[in-house]
Structure formats: C-alpha cells, structure tokens
Number of protein chains: 2
Amino acid sequence: MPNGPEPTQSTTPPAPGRGPLLAIGGAEDKLGKRSVLSEFVRLAGGPDARIAVIPTASSLGDEIVDVYDALFRKIGAADVWGVRPESREQAEDPEVVGRLADATGIFMTGGNQLKLSAIVNGTAFGEEIKAAHERGVVVGGTSAGASIQSSHMVAFGTGGATPKQRMTQLAGGLGLIRDVVIDQHFGQRNRYGRLLMLVAQSPHLLGIGVDEDTGALITDDDDGHTRLRVLGRGVVTIFDGRAIVSNAHEARRTAPLLASGVVLHVLPAGSAFDLTDKALVRQAPVVDPGEAEELAVAGRDLKRLARDIAADDVSPTVLRRRRARQHSEGDLPSD
Amino acid sequence: MPNGPEPTQSTTPPAPGRGPLLAIGGAEDKLGKRSVLSEFVRLAGGPDARIAVIPTASSLGDEIVDVYDALFRKIGAADVWGVRPESREQAEDPEVVGRLADATGIFMTGGNQLKLSAIVNGTAFGEEIKAAHERGVVVGGTSAGASIQSSHMVAFGTGGATPKQRMTQLAGGLGLIRDVVIDQHFGQRNRYGRLLMLVAQSPHLLGIGVDEDTGALITDDDDGHTRLRVLGRGVVTIFDGRAIVSNAHEARRTAPLLASGVVLHVLPAGSAFDLTDKALVRQAPVVDPGEAEELAVAGRDLKRLARDIAADDVSPTVLRRRRARQHSEGDLPSD
C-alpha cells in the first residue's frame, strides 16, 4: 500500500557508510502524524523501503508484527516482514539469518530487552544486524529495541528521581553505538535516578534517556562526527559524567548516591547533539517575523534620512519633525 | 518537656552573625528518629530553644501549631508558641511582630507558599523574620516554609521530568538567601522539569530541589563562604545553569524546553556544597577497615624485610622463601 502519506523530511539523509540508528523511547504515535515512524521509513528508502521487523523482545504473538506491517506499509514502505528467533539456536540458523539480507531497514519492537539480548547478542543473527548497519542499513527500535542498540544496556530496574546503588542492572547491549547507555520511557517513568546511577558507576558512558514518542536519530556525518538529532513529542536527556564526583564505590545498597558535577542536556525536537565532542550543536536563532519587519521599516527610514542629509536640503529640526510624524502615522509598529 | 532524646550532633554549630537556614522538603519524619527536626531544635539552642511557629501557609487551624509544639518539646525545646498573621494588616501589627522577639528559632510550616508570601513579604512581620535571621536566629521551614526562604520562589506549578515553558510560576520569596530558588517534595513529586524551566529562564539562579524528609542546612561559615549541608533520608538536587544554552526566550508555551549544559549535583545526607564557589565540598574518603588492616600487616612485613636487608644477614633467595612461607601461613589476609 504505497499510497500512504509522504514521509516527513525533517532531518538530513543518512551519510554513506554506517547506517543511521533510530532509538525510540517507546509508545511512539501510531495513529496520528506518526512522525517518528515516518522518519524511520524515510531513512529505509521511503517507497523503496524493505523492512524486517524483529519482535523477539515481545511477549505478544504475531499480532505485533501485523501492527508494524500495517503501519510501515501505510506510511509507504514497499515491503515488511517479521524475523523472529526465539532461541540462540534459531539465531544461528542460516535460514533465519538470511531473512535479514534484503532489508533496507531493521526494526526491533518493544518488550523485554534482556530476552532480546540473551537470544541475539553474539549469534550469527546479532552479527548480521551489525553487518547490515555497517553497510548502511538503518536500524531502529522502540523501548527494548532502543535499549539494546548501545554497547551497555539497562537490563531492568526501578523508577524514581534519586539515584541509588542497586536500583538497576547493567547488561551488554548489541553495541551498534559504543560507550553510551540508552534508556527509554524516560520522563514518563521517571528514570532520572537509574540512568544517573549507571553514569555514576561508569562515568565514561554517556547516559541517553529517550522519552516516549520521541526518537534519537544517530548518524555518522561527513565531517567524521557522530551526531544525535531529536524528533518527536518529548525530549532526549543526556547525562555526561566525565567530571563527576561520586561515592558509587562505597555507597550502601539502598542509600542515595552522591553524583556531583554531571553535565545535563535536555534536548527537544529539532535540537542536535555532537556525540563526538559531547556538546550541543549550536543552531541559528529563530527570527521573530515582527521584529524582522520592524527592522526592515527602520532600515528604509534610515536610508531616506541618509538621502536627505546627503542632499543637504533640510535642516535637522525639519527631519526630526518629519520622522515624528511618520512614527505617529504608524510607519513603525509599536511594541 | 526537656526530657526528650538528645538532639543529634551531625553538623557544626552555627557561625556567629547570620543564623542558619534549614529548608526541609516536606513530609519530615515526625514519628521515628526525627533527625531533621532534631537538628532544627539543636540549632535553636537545644534545651534552651524557644521556637516561634508560623503556620500562615497552612489551611489547617490551630492543630498544626499543636503538632509542632508537641514535637519540638518532645525533642527537647524549652518553649514553643504559634504566631499567625492571616492578613497584611495583622502582619503590620506591633503586637504580632513582637511575638517573634524572644525566639531563638523561627519555623514556618507547610501549606501554600503564595499565601505565606502574600501576607508576610514586605510587612513589618516579614522584616522581623529577616532581622532575627541577621542577628543569628535559625530560620527553618518545611515545604511552603522552605520555598519562601529564597529570593525567588516557586509559586505553584505542575510536576514532570521535562521542562516546559509555562509549567510553573515564579514569585518573590522572603529573600533570606539570594540568587537561588528552592523547590520541595522534589524527587517524590518529580519536579525536575519545573526547576529546570526556572533555571533555563533565569540562569543566574541556582536551582535547589529538596526531597521529602530531607533538609538543606545553609550556613555562613567562618571563611566567608556560604555552604549547604544535607541531612535526612533523601537528596538535595542542584541545577547550576551558568553555562546553559536554552531556547527559553523563544519556545512555545507547552513545548519542551532546550536546556543544555546544566551542571547537576545530587547530594545525599552528609555531603556539602559550597554555594559561594558553586562546587561540591570534597570530603575525606571512607576507609575500609579490612583494607586498612591489610596495609598495616604489609607495612610490618616490609619493615622486617628492610631490617633484614640492612643487617645483610640473608640472601634475597632466602628472603623470598621466608616471605612466601609467611604468606601461606596467613600473615596477610587474602583478597
């Protein structure tokens, strides 16, 4: 059904080389504008997109593939199919692995990331996802399918704003992006504390928390930098712990952790973060149309004044009166 | 009833000059160890404490004074009384103002901080609180009574992790401490977003979020620095926005705000923050008794070795054998 709405053109196309990653914080809009999923389809080739859906994390049956099949086709993808290893044995099966070969996009659903990583990581299937990403295929995932993308993965844990020593568990992720840990449902489930805990214990890992219906799009750009761009309804929260002072090595199991000097970035849609430099990408300021118009009018006014002075045909007093009259006539908008 | 439990001695006594401030994040323990309230009584003079309770923020009647009266006396205070202006007219009444004169501690209850500030700020009563603080009286407060202490006060607002442009309202506080904004019930009501919003809009204000049953004790120390020490069950969260990049001047009303480069400090009980330098106060590391014992044993061992070498009475081979024998006999604990 390639007669769905056109995918949005909100971000730059993928650079050659490694494919983009799209980490979605769960609960992405499936009924309205579908801006995050549309971006995934666009990155996978739009009308030429052939998308393999991996539902291994999910506890649901085939209906989860049916949902994404319908969604991606509605948005305009050419082909969508499910690939579902349910054991490490199946994840080594060449037939199963081979079903990823033709995909221009790979999408991992939500569910239990520890199930996904325990079945996929280190198998031929896991290696094929990485190889596809290396040759330019976009890899996306939501919730569990976002968490697994990083080298270090939140296995499970509790919510809450306060970091505590044993509130979450770290496991190994697929490693499509290194030295980061991605958490999801971030604002909605109040996961500040657990991501801070992970950064306090491993300060070289950049903590990336993705809100629901929000995507962190990670691309290798032409200048050699890897950047993260934000799309969707919420924010991406980044904890940079490189300058942290913490008591994580000596804190008691349930005690709140000291985590001082963490640099925090809260990034709404449209903003971008340089993961290589660990710094915000500065963008041109938004121009207020009213202010621009006022400046244009004032500029015309000044040109006329300069002409008058150059022609030396009027006294300054006359000029001042003329300008006062023009202003009272509404030549310049008031504040 | 000065026969209550001894107040704890967890922090240093107040420096001469301005009194300490104790901002409590609400819901302080009233039935168990009462560690936060005990600290307030201690700072007010322990068995000599004479405490004026200001319940103006509260919508409750005299029972709120009765509760703190019973608590402070149980902890060991000498005298406790309520002073309750309910209008700006009453807050100008010399009789009402005079009832603060003898207090060694002033305590403001929870409730509605906007009611408290609207009645008290800028009146003779408000000025008397500030004068008492200047002459060394400890001023404490919980919830609304914490918020009002800073120069800038959260009037009201909504919870949530994501900062948005119009999620909270700033009003003027009593100004016992300047250039900060104190929020309370911080982790419990997920007020990260609103405090970040305030710091994004006013980056020179240090955002201080105090958890429930947690106290931020602020003192002017002898070296001229003002420091914040944390006591109680939760943490104090500090947002330092001096290096922030934000779009607060142009963001839409309900859109998530960009807030990049905020320095975050999460401070559990026992930690301290220098408000003058805006930096963590470094503390001596906790020494592990097992590790200390191991080092002492190894030290004795090395001394013996040095004696042997100085005496030149044994070959290195003999020494090595002797050391190996000592280790296998358990002279050094194993890891």
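Predicted model: local features only at pLDDT ≥ 70, side-chain atom pairs only at ≥ 80, totals over all residues.
Residues are numbered from 1 along each chain as its sequence is written, chains are lettered from A and ligands numbered from 1 in the order in which they are written, and side-chain values use heavy atoms, with hydrogens and water left out.

Chain A contains ten helices and 16 strands, where helices (H or I, at least four residues) and strands (E, at least two) are DSSP runs numbered from the N terminus. Of its 335 residues, 53% count as buried; buried means under 20% relative accessible area, exposed over 50%, and partly exposed in between, with a 1.4 Å probe and protein chains only. Among contacts (heavy atoms within 4.5 Å) in chain A between residues at least 6 apart in sequence, 74% join residues at least 24 apart.

Helix H1 (residues 35-43) and helix H2 (residues 63-75) of chain A pack at an angle of about 70°, and their axes are 10 Å apart. Axes are lines fitted to C-alpha atoms, for helices over the stretch in contact, and angles run from 0 to 180 degrees between N-to-C directions. H1(A) is therefore roughly perpendicular to H2(A), on a scale in which angles under 35 degrees count as roughly parallel, over 145 as roughly antiparallel, 65 to 115 as roughly perpendicular and the rest as oblique. H1(A) contributes Leu37(A), Ser38(A), Phe40(A) and Val41(A) to the contact, and H2(A) contributes Tyr68(A), Leu71(A), Phe72(A) and Ile75(A). By class, seven of the residues in this contact are nonpolar, one is polar and none is charged; Ala, Val, Leu, Ile, Met, Phe, Trp, Tyr, Cys and Pro count as nonpolar, Asp, Glu, Lys and Arg as charged, and the others, Gly among them, as polar.

An unreviewed UniProt entry carries the annotation "active site" for Ser143(A), His185(A) and Glu212(A); UniProt positions are given in the numbering used here, feature names are shortened, and annotations may be inferred rather than shown by experiment. Although the annotated residues are spread over 70 residues of sequence, they cluster in space, with a largest C-alpha distance of 8.4 Å. Ser143(A) lies in the loop between strand S5 (138-142) and helix H7 (144-147) of chain A and is buried, with a relative accessible area of 11%. Leaving aside residues up to four places away in sequence, Ser143(A) touches Ile24(A), Gly25(A), Gly26(A), Gly110(A), Gln184(A) and His185(A). His185(A), located in the loop between strand S8 (177-183) and helix H8 (192-201) of chain A, counts as buried at 7% relative accessibility. With residues up to four places away in sequence again not counted, the residues that His185(A) touches include Ser143(A), Asn190(A), Val210(A) and Glu212(A).

Gly136(A) is found in the loop between helix H6 (124-134) and S5 of chain A, and is partly exposed, with a relative accessible area of 32%. Not counting residues up to four places away in sequence, Gly136(A) touches Gly17(A), Arg18(A), Gly19(A) and Pro20(A).

In chain B, Asp221(B) occupies the loop between strand S10 (214-220) and strand S11 (226-232) and is buried, with a relative accessible area of 16%. The side chain of Asp221(B) forms a polar contact of 2.9 Å with that of Arg227(B) and another, of 3.2 Å, with the side chain of Arg229(B). A polar contact is a pair of N or O atoms within 3.5 Å; within protein, one must be able to donate a hydrogen and the other to accept it, and residues adjacent in sequence count only if both atoms are side-chain atoms.

Two helices of chain B were also examined. Nine of the ten residues of helix H8 (residues 192-201) of chain B are buried, so this helix is largely enclosed by the rest of the structure. In helix H5 (residues 113-120) of chain B, the buried residues are Gln113(B), Leu116(B), Ser117(B), Ile119(B) and Val120(B). The N-terminal end of H5(B) is capped by Asn112(B), a side-chain oxygen of which lies 2.8 Å from the backbone nitrogen of Leu114(B).

Most residues other than glycine have a negative phi. Arg34(B), although not a glycine, has a positive phi of about 50°; Arg34(B) lies in the loop between strand S1 (21-24) and helix H1 (35-43) of chain B and is buried, with a relative accessible area of 14%.
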